[in-house]
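This report describes the domain layout of a protein chain and then turns to one of its helices.

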Amino acid sequence: MPKKFVAEFQVVENIALNTTNFLIKVKAPSDLPEIKPGQFVNVEIPEAQDVFLRRPFSVFEVDYKANTLSMIVKILGKGSKRLTEIEVGSKLSLVYPLGKSFSYPQKNEKILLVGGGSGVAPMLFLAKESGLPAAQVDLILGARSQEDHVKVDEYAEYATLHYASEDGSLGEKGFVTQHSVFTTKLNAYDKIYACGPDGMMRALAKEAKAAGVFCEVSLENLMACGFGVCLCCIEPTNKGNLCVCTDGPVFNVNELKW
Ligand SMILES: Cc1cc2nc3c(=O)[nH]c(=O)nc-3n(C[C@H](O)[C@H](O)[C@H](O)COP(=O)(O)OP(=O)(O)OC[C@H]3O[C@@H](n4cnc5c(N)ncnc54)[C@H](O)[C@@H]3O)c2cc1C
Ligand code: FES
């Protein structure tokens with residue numbers, strides 16, 4: 001098992017990206033190890049007597065020079081809400097880096113990235129890290145409405161951006177799997193990568209399998225320890241029951257019993 005660390009980080013930024021999503025940047029007390037897209041950190045929620053377990057968050061950005069990493073936290077329940085209220089200068093305990101990353105594409109490949117809800121962060125990280133020109137990377141971002149979408153215009157440098165919203169207020173109306181890029185061009189891609197709500201990934205996996213395209217998804221099963229001890233994140237796969245926190249969270253869809 002790769003080495004894990006637990007340390008107190010200092011919060012250096014907490015920025016509201018919209019009403020429900022916050023960018024939280026934290027500074028490590030010592031040099032960060034290499035962290036790749038799809039890997040996550042397990043965060044202790046401070047001053048929250050009724051939130052006992054750490055909460056996992058995908059890494060969104062890493063700056064090895066500044067020794068910082070960032071997460072995008074979407075308010076869902078008590079833990080995420082409390083985290084978005086954290087003051088700059090406060091300490092946060094993180095276990096890191098956890099899980100396995102997405103596989104990287106080859107230089108000549110064309111890829112499709114699909115991010116829904118809180119699954120946006122690892123997709124943006126992968127777009128930046130893939131090393132491919134934006135013309136070879138399509139990125140579909142899905143949310144309920146324009147208000148729920150995180151602004152990512154600067155990512156046009158790394159990917160061709162497409163939006164879907166359930167109410168049609170930004171981009172095409174409907175789910176990401178109903179977006180015209182998804183419904184008409186699937187066979188044009190060498191690889192598809194996705195992270196988002198369970199229903200979205202199951203629908204996407206079905207289409208990718210039918211089209212015979214390589215597809216990796218990052219699962220967001222509920223977790224506790226984050227490093228393979230409590231067994232509360234089990235996912236049935238063709239290789240047996242696997243821990244999403246250590247064997248994933250990234251899986252090839254052909255491994256999953258979906
Ligand atoms: C590998 C991994 C990476 C993650 N990355 C991010 C990220 O980058 N940004 C982000 O905002 N969140 C991410 N999450 C989700 C996050 O860890 C928390 O689950 C989420 O913030 C809810 O915690 P809470 O304490 O606010 O809600 P809780 O009070 O625990 O739950 C509130 C409600 O939401 C439901 N719920 C909780 N977690 C989930 C979930 N994962 N999927 C569906 N329903 C759920 C609960 O059943 C409950 O009904 C990730 C999860 C995993 C496993
Ligand atoms: S969260 Fe404990 S084993 Fe995966």
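## Domain layout

The protein chain is divided into domain 1 (5–98) and domain 2 (111–220), with bounds taken from an automatic or database domain assignment. The model is predicted: local features need pLDDT of at least 70, side-chain atom pairs count only at pLDDT 80 or more, and totals for chains, interfaces and linings use all residues. Residues are numbered from 1 along each chain as its sequence is written, while chains are lettered from A and ligands numbered from 1 in the order in which they are written.

Taken over C-alpha atoms, the centres of domain 1 and domain 2 are separated by 24 Å. Contacts (C-beta atoms, placed from the backbone, within 7 Å) link 14 residues of domain 1 with 14 residues of domain 2. On the domain 1 side, strand E6 (residues 68–74) gives the most, with three residues.

## Helix H4

Helix H4 (residues 198–211) has 14 residues; helices are DSSP runs of H or I with at least four residues, and strands are E runs of at least two, numbered from the N terminus. The buried residues of H4 are Met200, Met201, Leu204, Ala205 and Ala208, where buried means 20 or more other C-beta atoms within 10 Å of the residue's own, exposed 12 or fewer, and partly exposed in between, with C-beta atoms placed from the backbone. Because these buried residues fall within an arc of 125° seen down the axis of H4, they line one face of the helix; the arc is that of the directions from the helix axis to the C-beta atoms.

The buried residues of H4 pack against strands E8 (111–116), E12 (191–195) and E13 (214–218). Asp198, Gly199 and Ala210 are exposed on the face turned away from the buried side of H4. Just after H4, Gly212 takes a positive phi of about 70°.

Terms used: The expected span of a helix is 1.5 Å times one less than its number of residues. Two residues are in contact if their C-beta atoms, placed from the backbone, lie within 7 Å.
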